[in-house]
Amino acid sequence: RELLRELGKTRAPGHERPPGSCQTPSPHPLTPRAPRHVAGRLDPAAPWGEFLLPAEPPGPGPAARNPLGGPGGSEDGGPVLLTGLHACGDLGPALLRHFARGPAVAAVALAGCCYMKLSTGPQPPGCPSGYPMSASVAALPGHQLSYRAREAACHALEEYEGRLRRGSAHLRAHCYRAVLESLIRAAEPTKRHLGLQPGRKAHALGFPQYAQLGLPLAGLDPAGVPLDSEAVGAMLEQQHKVVAFCTLGQLLAPAVESLILLDRLLYLREQGFHCALVPLFNPRFSPRNLVLVAARTPLAAVLAGLAEDSEDGASSEDEELGEERQ
C-alpha cells in the first residue's frame with residue numbers, strides 16, 4: 001500500500017518528469033490488491049485441510065475455517081505457492097512435506113534458517129525429524145550433525161571474514177560468550193545451549209557488565225557468581241584461541257549447510273518433483289542466500305511462463321537491463 005501511495009504521487013496532476021527522463025507510462029493500471037496476512041498455527045502431521053489451524057483454539061459457535069482450505073488450495077480456489085522466508089528449524093521441513101503431500105500446493109520456495117533447532121534422530125510417531133529428510137542422506141554413514149555443527153551453519157561467513165581482516169572489536173563477544181558459558185556450567189551443569197542475547201553491543205562492554213546482563217537470562221544471580229576472579233581473567237586472555245576455534249567452525253559451516261540443503265533437495269527428487277537450489281543474491285546481503293525451489297511441473301516451463309507475463313509492455317532497454325542483472 002505504501003508503494004502504491006508513493007507511485008500515485010508521481011502520477012498526481014501537475015507532476016512533471018525530469019528533463020531527459022526516458023520513463024514511459026505503465027501499460028497496466030496499478031491495482032490496490034495487497035498481500036493478505038493470515039495468522040495461524042501449523043501442525044506438520046495434519047492433512048492439508050488441517051495443516052493451518054486457527055491461531056486461537058475454537059470457541060463456541062461455528063468452527064473457524066482453514067483460510068487455505070479452498071477447493072484449489074486457497075480460499076478463492078486458486079493454486080497455492082508455499083513460501084518460507086528464513087523458515088526457522090522444523091518449519092522448513094514441514095513446508096516441504098506439506099508441498100509433497102498437498103496436491104493443491106503448486107510450488108514451494110524456501111530459504112532455511114536456525115538449523116540448530118532442527119529435530120534429529122528418532123522422533124515420536126507422526127512427527128518426522130527435520131534432518132535427515134531424504135532416504136539418500138539417512139543411508140550415508142556418519143551423516144549425523146551435532147548441535148554445534150548445525151549452529152555454525154547459521155553464521156555469516158562473509159561478514160565474519162571482514163571482521164577478521166579488520167581486527168574488529170566484535171570478535172571479543174565470542175570470548176565473552178565462551179567465558180559466560182563456563183560460568184553458567186560451573187553454577188548449573190544442566191544448563192546448555194541457552195539462546196542468550198545480553199545485547200547487540202556486547203563487544204563494547206566490559207566482561208562484568210556483559211555477565212551481569214547475561215546471567216539473569218540463564219536464571220542465575222550475578223551476585224553469586226565470581227566475575228573478577230583470576231580464573232575469569234585467565235579465560236579472557238585466551239581470546240585468540242576462541243577466535244581461532246570460531247574461525248575453523250566458520251570454514252566448515254558451508255559444508256554443513258550444503259548437506260542440510262541437499263538433503264531437502266534429494267527428499268523432493270526422491271518423490272519425483274522438479275527442484276533446484278538457487279543462489280538468489282549476494283550472501284553479503286543476507287547469508288541465507290540459497291533458496292530451494294520446487295514445483296509439480298518442470299521448472300523451465302514455470303520460469304518461461306513468468307517470463308511471458310513480464311514481456312508485455314517491456315521495452316528493449318528493460319530487456320537489456322534484465323540480461324545484465326541475470
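A residue is called buried when its relative accessible area is under 20%, exposed when that area is over 50%, and partly exposed in between, using a 1.4 Å probe and the protein chains only. By this rule Cys-114 is buried, because its relative accessible area is 17%.

The model is predicted: local features need pLDDT of at least 70, side-chain atom pairs count only at pLDDT 80 or more, and totals for chains, interfaces and linings use all residues. Residues are numbered from 1 along each chain as its sequence is written, and side-chain values use heavy atoms, with hydrogens and water left out.

**Backbone features**

Helices (H or I, at least four residues) and strands (E, at least two) are DSSP runs, numbered from the N terminus. Cys-114 belongs to the loop between S4 and H4. Its phi is near 50°, a positive value in a residue other than glycine. Another residue of this kind is His-86, with phi near 55°. His-86 is part of strand S3 and counts as partly exposed, because its relative accessibility is 37%.

The loop between strand S4 (105-113) and helix H4 (135-138) also holds Pro-132. The peptide bond that joins Tyr-131 to Pro-132 is cis, with omega near -5°.

**The sheet**

Two strands pair if DSSP finds at least two bridges between them. Four strands make up an open sheet in the order S3-S4-S6-S5, and their pairing is mixed. Strand S3 (80-88) and S5 are the edge strands, each pairing on one side only. From one strand to the next, the twist averages 15°; for such angles, axes are lines fitted to C-alpha atoms, for helices over the stretch in contact, and the angles run from 0 to 180 degrees between N-to-C directions.

S5 and S6 are antiparallel and share six bridges. Val-278 stands opposite Val-291, which is in S6. Cys-275 is found in strand S5 and is buried, at 7% relative accessibility. The C-alpha atoms of Cys-275 and Ala-294 are 4.0 Å apart, although the two residues are 19 apart in sequence.

**A buried helix**

Helix H3 (residues 91-101) is largely enclosed by the rest of the structure, because nine of its eleven residues are buried. Among the buried residues of H3 are Gly-92, Leu-95, Arg-97, His-98 and Phe-99.

**Salt bridges**

A salt bridge is a side-chain nitrogen of Lys or Arg within 4 Å of a carboxyl oxygen of Asp or Glu. The count by this rule is six.

| Pair | N to O distance |
|---|---|
| Glu-161 and Arg-165 | 3.1 Å |
| Glu-181 and Arg-177 | 3.0 Å |
| Arg-288 and Glu-257 | 2.9 Å |

Glu-161 and Arg-165 are both in helix H6, four residues apart, or about one turn of the helix. Glu-181 and Arg-177 have the corresponding spacing in helix H7, four residues and about one turn. An α-helix has 3.6 residues a turn, so residues three or four places apart point the same way.

**The largest pocket**

Rolling a probe the size of a water molecule over the atoms shows where empty space is left. The search uses a 1 Å grid over the protein atoms alone; a pocket is an open set of points where a 1.4 Å probe fits, with protein on both sides within 12 Å along at least five of seven lines, and lining residues have an atom within 4 Å of a point. Grid points are joined across faces, edges and corners, and a volume is the space filled by probe spheres set on the points.

The largest pocket has a volume of about 2000 Å³. It is lined by 38 residues, and those closest to its centre are Glu-151, His-155, His-174, Arg-177 and Leu-196. Helices H5 (147-152), H6 (157-166), H7 (172-187) and H10 (239-270) each supply at least two residues of this lining.

What does the lining hold by class? There are 19 nonpolar, ten polar and nine charged residues. Here Ala, Val, Leu, Ile, Met, Phe, Trp, Tyr, Cys and Pro count as nonpolar, Asp, Glu, Lys and Arg as charged, and the others, Gly among them, as polar.
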